[in-house]
Every structure is written in C-alpha cells, then in structure tokens.
Amino acid sequence: MIDSALADTINWTTKLSPELMTQLTSIAQVKKNLKTSELEGSDIAHQGLSFILEGTVAICLQTPNLKTVNSVVMGKGGWFGGFEEGESDYTPFFISQIDPVSIVHFKNSQLQRIAEQHVEIYKWFHGMSFDVKAKWLQAQIIMSANTLSRVIYLLLEIATNKQKLQGEIPKIMISQQQISRITGIARQRVNEAIKQLEKEEMVHLGRGCIYLSDIAGLSAKLDDIDLSVSDPRSFFFESQIKGWI
C-alpha cells in the first residue's frame, strides 16, 4: 500500500474515480533500488504494471527464440508491464536495467480482482497504452535503419532520461554487450559502430560507460532517419537553447 502523497506523484495517464484510486493504492507495492538480477529475467514485466519512480530501463520485445525485435527506453515517470486476464506460457518482454530503478508495482493477480468489480480500470489501461504508443511505433521504424543509426538512437534515447546539467557531458552507464542485447544487433557490429563514433570524437568510453562527447554531431547523423513519431533529439534542442550543450 502507498500513501496519498506518493500516489499524487504518479502519472495515472487518465482521471479515475476516488473509489478506484483507493483500490489501486491499496495494492501498490514500492520496490526500491532494484538489483539488475531482480529485473532481468524476472516476472515483473509480465505480472503486472510498474511506474518508475527513479532510474532507467529498456523494455525489449523478443520472439520465442529470444531474438530482440524492438525496444523502448523508459525513465522516471514512465510505465511498463501489462495486464493479462489469463496466464500465458509466452513471455515476450524482458527488462534491461540501465540506471538503478525504484518502482511502484501493481501485481497482475490483484489487478484482476479489482477489474472484476470496476470496469473503469480498463480506461486506465487504455490511457497507459496510448501514452507509450509513440515510443513503440518509433521503435518499429528505427529497426529498419542501419546499425550505426540504431546505436546512436539508443544512446540519445537513454540520454533524454538524464538530468540536464549545463556543461556536463552526458554519461551513459551501458556496456556494448547490453547495447547488443537491447537492440538485437550482433556484439561485433555494435563494437564497430562505437569505434567509428570514437574515431570521429563523438563518444569516448569509460569504465562500463559511454560519454556522449558531441551531441550535435550524433544528432546530425540521424537527419536522414524518419523520427517523425518520436524524436529524442528534441530534448537536446530544447537544452541547447538553455545552454546545456
């Protein structure tokens, strides 16, 4: 259960009745500073809905043979997971943690009991799915781009969830192996893309991290990509006006 103060910080995506809100806050569970092992390979993505209080994750859609089809990055204030009325042997999503995550989790079995009494809950589910629709549509479009563009897009998408600090180079806590798993691109090809960006001095590598040294240059490399649905570069364009880059 969560208190009213915490409930007020949650983006519920749509207005809900006080009765339903009371029911939802009564089943909500706060899970703080989750370890990577508690997220990756867990049932959190398949057994309910989660609101991100802190941190960044990639939600990855995969086929039954474990090949990544596409992925989206979700940060503070975002939702992930899903509601299912029955159980399924096929679990299409996996979570890859980028920054340490704290969430408010709504367990599927408890949501099912509420749904039996309050059909209004489906209004909430619909609003939530609509809220992330653009990200998933853009994720499908970016899959047709070349390797370099896909790697850059992921790095910029992750960076949009970082706090804007004037003069600071964005630091992405991610390994090349993790980029490979999130994008479905072979590790060798990811390595080639990163080396090319290093050579052009657009990124440089740290211990378990990547610094985005040239945001403008990285953004320019996506000029020929269709980002009409969701463009992470807009975050940096706004920041540039404020002197962040």
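User: Which residues does Ser213 touch, not counting residues up to four places away in sequence?
Analyst: Ser213 touches Ile169, Glu201, Met202, Val203 and His204. Contact here means heavy atoms within 4.5 Å. Keep in mind that this is a predicted model, where local features need pLDDT of at least 70 and side-chain atom pairs count only at pLDDT 80 or more, while totals for chains, interfaces and linings use all residues. Residues are numbered from 1 along each chain as its sequence is written, and side-chain values use heavy atoms, with hydrogens and water left out.

User: Thanks! What joins the side chains of Ser213 and His204?
Analyst: A polar contact of 3.0 Å. The term stands for a pair of N or O atoms within 3.5 Å; within protein, one must be able to donate a hydrogen and the other to accept it, and residues adjacent in sequence count only if both atoms are side-chain atoms.

User: And where is Ser213 found?
Analyst: Ser213 is in the loop between strand S8 (209-212) and helix H10 (215-220). Helices (H or I, at least four residues) and strands (E, at least two) are DSSP runs, numbered from the N terminus. Ser213 has a relative accessible area of 33%, so it is partly exposed. The cut-offs are under 20% relative accessible area for buried, over 50% for exposed, and partly exposed in between, with a 1.4 Å probe and protein chains only.

User: Which value does phi of Thr13 have, by comparison?
Analyst: Phi of Thr13 is near 70°, a positive value in a residue other than glycine. Thr13 is in the loop between helix H1 (4-8) and H2. With 25% relative accessibility, Thr13 counts as partly exposed.

User: Let's switch to helix packing. At what angle do H2 and H4 pack?
Analyst: Helix H2 (residues 18-27) and helix H4 (residues 108-117) pack at about 160°, with their axes 10 Å apart. Those axes are lines fitted to C-alpha atoms, for helices over the stretch in contact, and angles run from 0 to 180 degrees between N-to-C directions. H2 and H4 are therefore roughly antiparallel to each other. For that label, angles under 35 degrees count as roughly parallel, over 145 as roughly antiparallel, 65 to 115 as roughly perpendicular and the rest as oblique.

User: Which residues make that contact?
Analyst: From H2 there are Leu20, Gln23, Leu24 and Ile27, and from H4 there are Gln110, Leu111 and Ile114. By class, the contact of H2 with H4 has 5 nonpolar, 2 polar and no charged residues. Ala, Val, Leu, Ile, Met, Phe, Trp, Tyr, Cys and Pro count as nonpolar, Asp, Glu, Lys and Arg as charged, and the others, Gly among them, as polar.

User: What about H4 and H5, how do their axes cross?
Analyst: The axes of H4 and helix H5 (residues 121-131) come within 9 Å and cross at roughly 125°. That makes H4 oblique to H5. Leu111, Ile114 and Ala115 in H4 meet Ile121, Tyr122 and Trp124 in H5. This contact has 6 nonpolar, no polar and no charged residues.

User: Nice. How many residues of H8 are buried?
Analyst: In helix H8 (residues 176-183), 6 of its 8 residues are buried. They are Gln176, Gln178, Ile179, Ser180, Ile182 and Thr183. H8 is followed by Gly184, with a positive phi near 80°.

User: What does the side chain of Thr183 reach?
Analyst: The backbone nitrogen of Ile185, at 3.2 Å. Leaving aside neighbours within four places in sequence, Thr183 is in contact with Thr68, Met143, Arg150 and Leu154. The C-alpha atoms of Thr183 and Arg150 are separated by 7.6 Å, although the two are 33 residues apart along the chain.

User: Last one: is Ser102 buried or exposed?
Analyst: Ser102 counts as buried, because its relative accessibility is 8%. Ser102 sits in strand S5 (residues 93-107), and a polar atom of its side chain lies 2.9 Å from the backbone nitrogen of Asn33.
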